[in-house]
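Subject: Structure for your review

Dear colleague,

Please find below the structure that I am handing over to you. I would ask you to look at it first and then to read the findings that follow.

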Amino acid sequence: MSRFEQMAGAEGTEERQTLGEYISEISGLVMNELDSTLPLQWQVPGKLKDAMNYSLQAGGKRLRPLLVVAACEALGGRREAALPVAAAIEMVHTYSLIHDDLPAMDNDDYRRGKLTNHKVFGEATAILAGDALLTHAFYSVVQASRRHGASADSVLSIVEDLAEMSGPRGMVGGQIADMEGEQGLTDLQQLQYIHRHKTGDLIIFSLMAGGRIAGAGSRQLEALRDFGTHIGLAFQIQDDILDLVGDEGKLGKKTGSDIKQHKVTYPYFIGLEASREEVKRLTEAARNAVLDGGFQDNTRLLDIAEYLMARDH
């Protein structure tokens, strides 16, 4: 049992799953949800379905779906009601990766150790697969209400949050800032803007969406937002660090890609050791937000924060 489980004071004598077991279980449930997300009666062209599934099934950390479920369960919510939203955020994240890899964007040949979508299906199909995943995500969110009884008001707020945090104010805004930044970032604030929006907003969304499914109050939603803000930036700084010193076998991609693409990163501005210290500082701030948030069981959120800080891929 981790020190965070001891702090949280989990009740009962039943042995609790390790975080690794929990992550594996949630990942499996999310994959089952993704496998069945297109209704059987829909006539979807086979090539489009294959391209969508190719990237959805490519593996990865499933961090955002994990955060949806963990936040919901931290407030005593039902896992089943959270799964359609968990699947939705994985669709949005996957669409963004498919488009990021395109020749007009990052021009990557591999993602998670596999050929990128456009290398397998062609650029036009990859673009359309990304479009399909983005739009179908909103259908999936609604199923939390249709199939599992989540309140219509909660689902409406989740749809609104998803549109905001994945769109021009959120992830897409961060992406365009990242593209412009390749021409030369001059200060750390510009880099923080990119990290907070390109990566951080979907992490914040995931936590708040899980909270909304469980009926979170304003104090708890604010705690989830603070937690997501801190771990979202810490997550991206850790990515910057791993691009310099990570294990290519574990990462599933070549290291040094940021340098080759002339991207400015946290280690460029403040150095490698200072970047590691910033990850620790942000992680501690995230933990404090959860500890002060009034959750029924904060154990998983605390463990996830520790896991992200220590990850090597």
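Helix H10 covers residues 188-213, which is 26 residues. From its first C-alpha to its last, H10 reaches 36 Å, close to the 38 Å expected at 1.5 Å a residue. Please bear in mind that this is a predicted model. At Gly200, H10 bends by about 55°. Of the 26 residues in H10, 19 are buried, and the helix is thus mostly covered.

Both ends of this helix deserve a look. At the start of H10, Asp187 places a side-chain oxygen within 3.1 Å of the backbone nitrogen of Gln189. After H10 comes Gly215, which has a positive phi, near 80°.

Lys198 pairs with Asp178, and their closest N and O atoms are 2.7 Å apart. This pair links distant parts of the chain, since Lys198 belongs to helix H10 and Asp178 to helix H9 (residues 171-181), 20 residues apart. Asp178 counts as buried because its relative accessibility is 11%, and the limit for buried is under 20%.

The salt bridges in the model come to 16. Among them is the pair of Arg311 and Asp239, with the closest N and O atoms 2.8 Å apart. This pair, too, connects distant parts of the chain: Arg311 is in the segment after helix H16 (299-310), while Asp239 is in helix H11 (residues 218-245), 72 residues apart. How do the two partners stand in terms of burial, buried or partly exposed? Arg311 has a relative accessible area of 4% and is therefore buried; Asp239, at 25%, is partly exposed.

A further salt bridge joins Arg276 and Glu273, whose closest N and O atoms are 2.6 Å apart. Both residues lie in helix H15 (residues 272-291), 3 residues apart, about one turn of the helix. Arg276 is partly exposed, with a relative accessible area of 32%.

Finally, I turn to the surface. Which residues form a nonpolar patch there? They are Met105, Ile176 and Met179, with about 230 Å² of accessible area together. Met105 is found in the loop between helix H5 (79-100) and strand E1 (110-111). Because its relative accessibility is 30%, Met105 counts as partly exposed.

Yours sincerely,
A colleague

How values were computed:
Residues are numbered from 1 along each chain as its sequence is written. This is a predicted model: local features need pLDDT of at least 70, side-chain atom pairs count only at pLDDT 80 or more; totals for chains, interfaces and linings use all residues. Side-chain values use heavy atoms; hydrogens and water are left out. Helices (H or I, at least four residues) and strands (E, at least two) are DSSP runs, numbered from the N terminus. The expected span of a helix is 1.5 Å times one less than its number of residues. The bend at a residue is the angle between axes fitted to the seven residues ending there and the seven starting there. Buried means under 20% relative accessible area, exposed over 50%, partly exposed in between (1.4 Å probe, protein chains only). A polar contact is a pair of N or O atoms within 3.5 Å; within protein, one must be able to donate a hydrogen and the other to accept it, and residues adjacent in sequence count only if both atoms are side-chain atoms. Patches are made of residues with over 30% relative accessible area and no salt bridge: like charges are joined within 9 Å, nonpolar side chains (Val, Leu, Ile, Met, Phe, Trp, Tyr) within 5 Å. Accessible areas come from the Shrake-Rupley method with a 1.4 Å probe; for residues, only the protein chains shown count as cover. A salt bridge is a side-chain nitrogen of Lys or Arg within 4 Å of a carboxyl oxygen of Asp or Glu.
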